[in-house]
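Have the sequence and the model open, then read on.

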Amino acid sequence: MVDPVTIAIDAMSGDVGVDVTVPAGLTMLRANNALRLVLVGKQELIEPYLDKSGVLSERVVVHDAREVVEMDDRPADAMRKKKDSSMRIAINLVAEGAASACVSAGNTGALMATGRFVLKTVPGIDRPAIMAGLPTRFGRIHMLDLGANSGCTAEQLFQFGIMGSVVVQDIEGIDRPGVGLLNIGAEAIKGNDTVREAATMLADSDLNYVGFIEGDAISELKADVVVCDGFNGNVALKAMEGTAHLVRHFLIEEFKSSLYGRLAGLVARPVLRSLAKRVDPRRYNGASLVGLNGIVIKSHGGADALAFQQAIRVAMLEVNKDVPEQIRSLMEEQGH
């Protein structure tokens with residue numbers, strides 16, 4: 001029998017709030033008998049969905065929260081002034097042991113700041129990082145940091161490598177995943193002092209370090225984990241997202257440009273649908289705030305119900321694998 005997993009959902013979070021988070025949670029409840037949910041938010045907005053769902057009441061609890069962290073709130077203000085927010089209470093539930101993980105589509109900075117304040121970090125970890133999976137030609141690659149830390153020391157990059165290795169081993173089932181460092185060149189002499197020092201630390205560790213990875217090689221899956229600071233990681237991520245949107249725009253323009261183009265579009269429709277499915281960002285939703293002494297998953301703010309379900313799946317998987325404990329153990333093995 002699978003042990004039950006309790007997830008706290010920041011139901012007020014995201015661009016849409018309860019219209020996405022609650023239906024997504026209820027869908028996951030129906031599909032997973034071991035799942036339990038605590039829906040945190042304004043009770044009067046959440047309960048109408050439960051009345052219609054027919055979900056067993058013992059598997060879902062509503063925790064009333066009167067405040068909401070807005071997308072434009074400063075992280076410090078959200079953490080200090082909105083202690084009754086759905087985000088803060090959901091993270092508190094993890095700290096108290098009432099939930100095993102928190103999923104939120106809210107303000108990223110506020111989520112990271114609150115998570116770090118309430119949960120602290122795993123011993124030996126200086127800073128948490130944002131980690132997410134991205135599609136490549138041959139599978140999925142995971143990158144960190146994607147925006148939490150604009151500048152990092154070599155030691156912190158090394159810690160990211162440890163954390164990324166643990167998460168990828170658990171999520172993808174890869175034994176000794178390859179860890180690479182994002183750099184401006186693959187040669188050992190390339191990059192700044194921080195990146196080269198981190199490379200030395202990774203090479204001297206028990207991790208499967210594969211060397212420097214250039215930006216254009218990310219899609220080639222030359223490493224399972226790509227480590228970088230949050231500034232470069234976020235720029236790389238946004239550049240990839242922008243390129244995908246640009247290619248889509250060009251394809252639509254060409255298919256609409258002439259009668260021949262429209263006919264070609266009709267013929268190519270099955271292929272285009274398959275391509276759209278492969279690169280559908282909803283399938284990759286759910287970024288881990290790795291390094292926290294508890295599990296917090298960040299969903300995209302504009303996620304629909306399907307995408308938010310994926311974020312809940314990531315949370316369940318990390319709970320079942322006890323990712324924070326595995327990071328703690330590997331840090332100890334590496335002498336940190």
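## An enclosed helix

Helix H4 covers residues 86–96, and eight of its 11 residues are buried, so it is largely enclosed by the rest of the structure. Buried means under 20% relative accessible area, exposed means over 50%, and partly exposed lies in between, with a 1.4 Å probe and protein chains only. Helices (H or I, at least four residues) and strands (E, at least two) are DSSP runs, numbered from the N terminus.

Which residues of H4 are buried? They are Ser86, Met87, Arg88, Ile89, Ala90, Ile91, Leu93 and Val94. Just after H4 comes glycine 97, with a positive phi of about 85 degrees.

## What kind of model this is

The model is predicted: local features need pLDDT of at least 70, side-chain atom pairs count only at pLDDT 80 or more, and totals for chains, interfaces and linings use all residues. Residues are numbered from 1 along each chain as its sequence is written, and side-chain values use heavy atoms, with hydrogens and water left out.

## The whole chain

The protein chain has 11 helices and 11 strands. Its C-alpha trace spans about 65 × 60 × 45 Å along the principal axes. A compact globule of 336 residues would have a radius of gyration near 20 Å, and the protein chain agrees with its 21 Å. That radius is taken over C-alpha atoms, and the globule rule is 2.2 Å times the number of residues to the power 0.38.

Of the 336 residues, 49% count as buried. Among contacts with a separation of 6 or more, 69% join residues 24 or more positions apart. Contact means heavy atoms within 4.5 Å.

## Surface and charge

The accessible surface of the protein chain comes to about 16200 Å². Carbon and sulfur atoms hold 53% of that surface. These areas come from the Shrake-Rupley method with a 1.4 Å probe; for residues, only the protein chains shown count as cover.

The chain carries 35 positive and 42 negative side chains. Lys and Arg count as positive, Asp and Glu as negative; His and the chain ends are not counted. The centres of the two sets lie 6 Å apart. Each charge is placed at NZ of Lys, CZ of Arg, CG of Asp or CD of Glu.

Is histidine 63 buried, partly exposed or exposed? Histidine 63 is partly exposed, because its relative accessible area is 32%. Leaving aside neighbours within four places in sequence, histidine 63 is in contact with Val38, Leu39, Val40, Gly41, Ile89 and Leu93.

Not counting residues up to four places away in sequence, aspartate 64 touches Gly41, Lys42, Gln43 and Ile89. Arginine 137 is 73 residues away along the chain, and the two C-alpha atoms are separated by 44 Å.

Helix H5 covers residues 108–119 and contains methionine 112. At 11% relative accessibility, methionine 112 counts as buried. Not counting residues up to four places away in sequence, methionine 112 touches Pro128, Ala129, Ile130, Ala148 and Leu289.

## The span of H8

How many residues does helix H8 have? H8 (residues 230–256) has 27 residues. From first C-alpha to last, H8 reaches 39 Å, close to the 39 Å expected at 1.5 Å a residue. The expected span is 1.5 Å times one less than the number of residues.

The buried residues of H8 are Gly230, Gly233, Ala236 and Leu237. What covers them includes strand E5 (129–136) and strand E6 (139–144).

## Backbone features in the loops

The peptide bond from leucine 144 to aspartate 145 is cis, with omega near 5 degrees. Aspartate 145 lies in the loop between E6 and helix H6 (154–172).

Arginine 176 sits in the loop between H6 and strand E7 (178–182). Its phi is near 50 degrees, a positive value in a residue other than glycine. Arginine 176 is partly exposed, with a relative accessible area of 45%.

Aspartate 322 also has a phi near 50 degrees. Its place is in the loop between helix H10 (305–321) and helix H11 (323–333). At 39% relative accessible area, aspartate 322 is partly exposed.
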